[in-house]
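Okay, thanks everyone for coming. Let me put the structure up, and then I'll walk you through a couple of spots in it.

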Amino acid sequence: MTSTDPTPTKADSAPSRQRRAKIVVWVLLALVIVGGTIGYFVARGATTTPPQDASASTGQESGQPSQEGGQLVRENSRVLSQAPNEKAVLVEFLDFECEGCAAAYPFVEELRAEYADTVTFVNRYFPLPGHPNSVTAAVAVEAAAQQDAYEPMYQRMFETQTEWSHTTEDRSDVFRGYAEDLGLDMAAYDAAVADPATRERVELDVADGTALGVSGTPTFYLDGEQLAPSTLEEFTAAVEAAVQD
């Protein structure tokens, strides 16, 4: 679920103005996504309450299954950053070709910086069917992650999204170039991209998200509960409250 960023004016030329504009777009998108998710559950006659246990310990499977069997966090889920004094877990279902996710990206990075010690950030792949290169991007990131380069590849995708997204042209070569820039073993990267197991790893996240009721991106869960903030202040307040518990 995406939207087009507003056209900047001269007054918006500063990077901080551009970032704030993108965040505003994300907030609006989040509201649309939440509304769509609620409608999805109502149509199915199911509850909007997600699983309650989302401990992101990377050593064992965690996250209680939903009634349909989805798990919020798995042993092989990609941990963007592990808090040494973990008090809360923030899980994001994302699509690298989603404009809303790209708009949320700087805000998530700010949260990571502020709560690095107490909040563990976990990402789940959720490429949307309407984005031609979303699966390809997710496979490329997962291939990089197999060489312990998840974070830099994740960052590169969002920072360059406007350069490669929303085209039916296959962007595999572009993503391979990112892997080269990161100094990855290219033989291993190519093998991982070609390995069906890599795509299956992405599809596992999609299956979990679908079972949990995720219907758009970005979708966030904080300690097992889906967030539905109307402002970034509410989002930050929810995180702050979680680390105080």
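**A cavity and a helix crossing**

So, the second largest cavity holds about 30 Å³ of space. Keep in mind that this is a predicted model. Searching the whole structure for cavities of 30 Å³ or more turns up two.

Which residues line the second largest cavity? They are Leu90, Glu92, Val108, Phe121, Val122, Asn123 and Phe220. If you sort that lining by class, you get five nonpolar residues, one polar and one charged. Two strands, S2 (88-94) and S3 (119-125), each put in at least two residues of the lining. The biggest contributor is S3, which gives three residues.

Okay, on to the helices. In general, you describe two packed helices by the angle between their axes and by how far apart those axes are. Here I'm looking at H3, residues 134-145, and H8, residues 196-212. Their axes come within 9 Å and cross at roughly 110°. An angle from 65 to 115 degrees counts as roughly perpendicular, so that's what we call H3 relative to H8. As for handedness, the crossing of H3 and H8 is right-handed.

Who's actually touching whom? On the H3 side, the contact is made by Val135, Ala138, Val139, Glu142 and Ala143. Across from them, H8 brings Thr198, Arg199, Arg201 and Val202.

Key
Residues are numbered from 1 along each chain as its sequence is written. This is a predicted model: local features need pLDDT of at least 70, side-chain atom pairs count only at pLDDT 80 or more; totals for chains, interfaces and linings use all residues. Side-chain values use heavy atoms; hydrogens and water are left out. Axes are lines fitted to C-alpha atoms, for helices over the stretch in contact, and angles run from 0 to 180 degrees between N-to-C directions. Helices (H or I, at least four residues) and strands (E, at least two) are DSSP runs, numbered from the N terminus. Angles under 35 degrees count as roughly parallel, over 145 as roughly antiparallel, 65 to 115 as roughly perpendicular and the rest as oblique. A crossing is left-handed if the near helix is turned anticlockwise from the far one by less than a right angle, and right-handed if clockwise. Contact means heavy atoms within 4.5 Å. On a 1 Å grid over the protein atoms alone, a cavity is a set of points where a 1.4 Å probe fits but cannot get out, and a pocket is an open set with protein on both sides within 12 Å along at least five of seven lines; lining residues have an atom within 4 Å of a point. Grid points are joined across faces, edges and corners, and a volume is the space filled by probe spheres set on the points. Ala, Val, Leu, Ile, Met, Phe, Trp, Tyr, Cys and Pro count as nonpolar, Asp, Glu, Lys and Arg as charged, and the others, Gly among them, as polar.
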